[in-house]
Amino acid sequence: MADLRSSLDASSLDINGGVKTWLQTGNVIFQAAASSSSNNPKMMLEEKIQGVIQKCFGFKVPVMVRTLAELQETVARNPLAGKESKRLFFAFLQQRPEKDLLDGMDLVDYSPEKYAVVGDETITNNTNDQSTSSWWCICFYVPNFARYKLDTTLFEKKLKIAATSRNWKTVHKLLELMMAKEELEGAATASSSPRNKSESKKTRTTKQKPPSTTSRTRKGTTDTASITADSPAKNTRTLRKRKIR
């Protein structure tokens with residue numbers, strides 16, 4: 001992960017505030033400048049990061065980017081949140097799954113395992129063009145690690161799209177790190193050039209407020225987490241091989 005972190009830091013990507021990683025989990029936290037040159041800036045960023053990985057490490061691997069707001073929404077809308085947390089997982093999807101393929105999955109009884117698809121697609125109409133941003137995730141519950149059906153391999157096969165899974169603990173740790181980074185960056189920005197004492201006092205008060213669950217943008221930048229999937233060449237029976245992290 002240190003090599004991945006240094007490769008992204010040294011790349012030509014417009015990443016601000018440094019790159020952080022979380023253990024050996026394939027997760028990277030960074031702040032990137034919002035792009036106005038693409039109708040889908042998040043997809044463009046995914047492709048650039050994928051290119052850096054391929055150039056530095058010699059293999060091509062799917063990359064998925066989620067903003068802080070999207071990750072917060074994923075957790076908030078998880079309909080299986082009442083289940084035992086250590087048996088809960090999130091399969092992040094690279095794109096919106098086709099309805100007919102989802103309907104096909106629904107025909108199979110996976111009980112006692114459970115799954116639910118959550119996601120959203122936002123289309124923003126600007127003056128000259130249209131910008132699209134979407135995020136999709138399968139929340140799933142596996143009560144028995146010795147015998148199970150639901151995993152990353154099944155979702156990729158059934159839905160015919162790339163997916164990468166993380167366990168409940170990792171997702172919540174990513175949220176914690178992203179919110180801490182955003183609060184730290186916000187405090188640094190606010191305290192860099194206070195106009196007067198009253199403004200400085202107001203800034204300190206703002207800093208103590210809990211993080212909002214909506215997307216926050218400062219000076220053209222947004223906090224994002226890059227979630228890198230396992231190499232396609234590896235076995236993705238993720239629960240037995242402990243590749244869900």
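**Helix packing, cores and loops in a predicted model**

V28 is buried, at a relative accessible area of 1%. Buried here means under 20% relative accessible area, exposed means over 50%, and partly exposed lies in between, with a 1.4 Å probe and protein chains only. V28 sits in strand β2, residues 27-33. Helices are DSSP runs of H or I with at least four residues, strands are runs of E with at least two, and both are numbered from the N terminus.

A word on the source. This is a predicted model, where local features need pLDDT of at least 70 and side-chain atom pairs count only at pLDDT 80 or more, while totals for chains, interfaces and linings use all residues. Residues are numbered from 1 along each chain as its sequence is written, and side-chain values use heavy atoms, with hydrogens and water left out.

Next, helix α1, residues 2-10. L8 belongs to α1. L8 is buried, with a relative accessible area of 2%. Its C-alpha is 7.5 Å from that of I49, although 41 residues separate L8 and I49 in sequence.

I49 takes us to α2, where it is one of the buried residues. α2 covers residues 41-57, 17 residues in all. From first C-alpha to last it reaches 24 Å, close to the 24 Å expected at 1.5 Å a residue. That expected span is 1.5 Å times one less than the number of residues.

Which residues of α2 are buried? They are K42, L45, E46, I49, Q50, V52 and I53. Down the axis of α2, these buried residues fall within an arc of 160°, so they line one face of the helix. The arc is taken from the directions from the helix axis to the C-beta atoms. An α-helix has 3.6 residues a turn, so residues three or four places apart point the same way. After α2 comes G58, with a positive phi near 85°.

How do the two helices pack? The axes of α1 and α2 come within 10 Å and cross at roughly 120°. Axes are lines fitted to C-alpha atoms, for helices over the stretch in contact, and angles run from 0 to 180 degrees between N-to-C directions. That makes α1 oblique to α2. Under 35 degrees counts as roughly parallel, over 145 as roughly antiparallel, 65 to 115 as roughly perpendicular, and the rest as oblique.

Now the cores. A nonpolar core is a set of buried Ala, Val, Leu, Ile, Met, Phe, Trp, Tyr and Cys residues joined through side-chain atoms within 4.5 Å. The largest has 19 residues, and L71, F90, F92 and V171 have the most contacts inside it. At least two residues of this core come from each of α3 (68-76), β4 (88-93), β6 (130-141) and α6 (168-191). A second, separate core has 18 residues, including A91, L93, I138 and A163.

Look at α3 itself. It is mostly covered, with 7 of its 9 residues buried. Those are L68, A69, E70, L71, Q72, T74 and V75.

Finally, the loops. L80 lies between α3 and β4. L80 is buried, at a relative accessible area of 9%. L80 and Y115 are 7.8 Å apart, C-alpha to C-alpha, and 35 residues apart in sequence.

P112 is in the loop between α4 (99-106) and β5 (114-125). A cis peptide bond joins S111 to P112, with omega about 10°.

Last stop, K160, in the loop between α5 (152-159) and β7 (163-167). Buried or exposed? K160 is exposed, with a relative accessible area of 64%. Its phi is near 60°, a positive value in a residue other than glycine.
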